[in-house]
Amino acid sequence: MSDIQMVDLKGQYQHIQAEIDQAVLNVIRSSAYINGPEVKDFQKELESYLGVKHVIPCANGTDALQVAMMALDLQPGDEVITPNFTFIATVEVIALLGLKPVIVEVDPHTFNMDPEAVRAAITPNTKVIAPVHLFGQCANMEEIMGIAKENNLHIIEDTAQAISSDYTFSNGETHRAGTMGHFGTTSFFPSKNLGCYGDGGALYTNDDQLAEKARQVANHGMKVRYYHDFVGVNSRLDSIQAAILRIKLRHLDTYCAARIAAADYYDAAFANIPELTTPVRDAKSSHTFHQYTLKTQDLDRDALQQHLKSKGIPAMIYYPVPLHVQNAFSNLGHQKGDFPITEQLCKEVISLPMHTELTEEQLKLITSSVIEYIEQQL
Ligand SMILES: *Cc1c(COP(=O)(O)O)cnc(C)c1O
């Protein structure tokens, strides 16, 4: 059996090596390294895959968030509501632009932004709600979009972990993650569900004017070359990464199916273990399992992680520290105890290996090692 990894990028590459090598070589030989035809083709193919009018490729997922926020013409002090239990990028960009991050509590079952907490956080200065579709499952968009509409707010969906997840509203309409709000943003960091072999990102929108503004923001504030209408940034996806992404996009549905199959295996193995809560599958959202994250109870989570490590099985804590107690955000004036649900989750969660190459033999070893640890404790 090969070594178990959190994410097996090498194994995945080996299955598509001939296609990838050829595509990369083609770009090198073409010398169209920046904004070449591969970037345009990838943009079109991703638009069609997502069912969205505009995809704007950029340099990474954090830039995608920044470009989206810059395109909304926000003013210093404007408030952006975002969840506490997540990766730092969303809240970092808010702070970097001189906006005010308003961190809210999450739902203890889905780990996603709690709409009631969003409602309670709205002030006259609120301009944007920025949900993160965590671990591969959409936040409660029906409620969040209702709140945004009532209060005339913009929505930026951070879909870095949930590309290709589908959300179904009560009227039966289904939309892909990132295509419901004013902007969706994503990352093609190698370990994401659609990852390239370096850095990459994109934002999406169905709004023609917002798309034009975002393109201009990402291109030094210019529409006409060397005429700069405002201060922008330089954020591009390069042609080699686009060529790789075009190939991987064709495999994305198969990759998702492999992740879901691994999640199903884990779910079945842990179904009757009271110390473990398997990931909740929200009826309105598909789950594309960027992470397979268990909640533990009456269990020394860190000792479980150590036990797995001793058997050669990696497991990670996403996320160990809530945003509101990070040193970077001490100026927001929060204290330990302010967000009990997020604080509890940071103590209870553990993410198991999740990728497209997991074999049944590996899954068997992972699940039996988890169960073995729990039985030793009894
Ligand atoms: C990975 C990630 C990002 C940042 O993407 P980069 O491409 O690394 O900048 C943003 N938000 C979330 C939720 C992520 O998981």
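Me: What volume does the largest cavity have?
Reply: This is a predicted model. A search of the whole structure finds two cavities of 30 Å³ or more. The largest cavity has a volume of about 70 Å³.

Me: Where does the largest cavity lie?
Reply: Its lining includes Val7, Asp8, Pro190, Lys248, Arg259 and His355. Helices H1 (9–15) and H9 each give two or more residues to this lining. Domain 1 (9–246) and domain 2 (252–377) both contribute, so the largest cavity lies between them.

Me: How many charged residues are in the lining of the largest cavity?
Reply: Asp8, Lys192, Lys248 and Arg259 are among the lining residues. By class, the lining has three nonpolar and five polar residues, and the charged ones number four.

Me: Which element gives the most to the largest nonpolar core?
Reply: The largest nonpolar core has 36 residues. Elements giving two or more of them include helix H9 (239–270), strand E13 (292–296) and helix H12 (360–377). With six residues, the top contributor is H12.

Me: Which residues does Leucine 276 touch, not counting residues up to four places away in sequence?
Reply: Leu276 is among the residues with the most contacts inside the largest core. Phe270, Tyr292 and Val370 are also in that group. Leucine 276 touches, beyond four places in sequence, Phe270, Leu294, Lys295, Thr296, Gln297, Leu299, Val370 and Ile374.

How values were computed: Residues are numbered from 1 along each chain as its sequence is written. This is a predicted model: local features need pLDDT of at least 70, side-chain atom pairs count only at pLDDT 80 or more; totals for chains, interfaces and linings use all residues. Side-chain values use heavy atoms; hydrogens and water are left out. A nonpolar core is a set of buried Ala, Val, Leu, Ile, Met, Phe, Trp, Tyr and Cys residues joined through side-chain atoms within 4.5 Å. Buried means under 20% relative accessible area, exposed over 50%, partly exposed in between (1.4 Å probe, protein chains only). Helices (H or I, at least four residues) and strands (E, at least two) are DSSP runs, numbered from the N terminus. Contact means heavy atoms within 4.5 Å. On a 1 Å grid over the protein atoms alone, a cavity is a set of points where a 1.4 Å probe fits but cannot get out, and a pocket is an open set with protein on both sides within 12 Å along at least five of seven lines; lining residues have an atom within 4 Å of a point. Grid points are joined across faces, edges and corners, and a volume is the space filled by probe spheres set on the points. Ala, Val, Leu, Ile, Met, Phe, Trp, Tyr, Cys and Pro count as nonpolar, Asp, Glu, Lys and Arg as charged, and the others, Gly among them, as polar. Domain bounds come from an automatic or database domain assignment.
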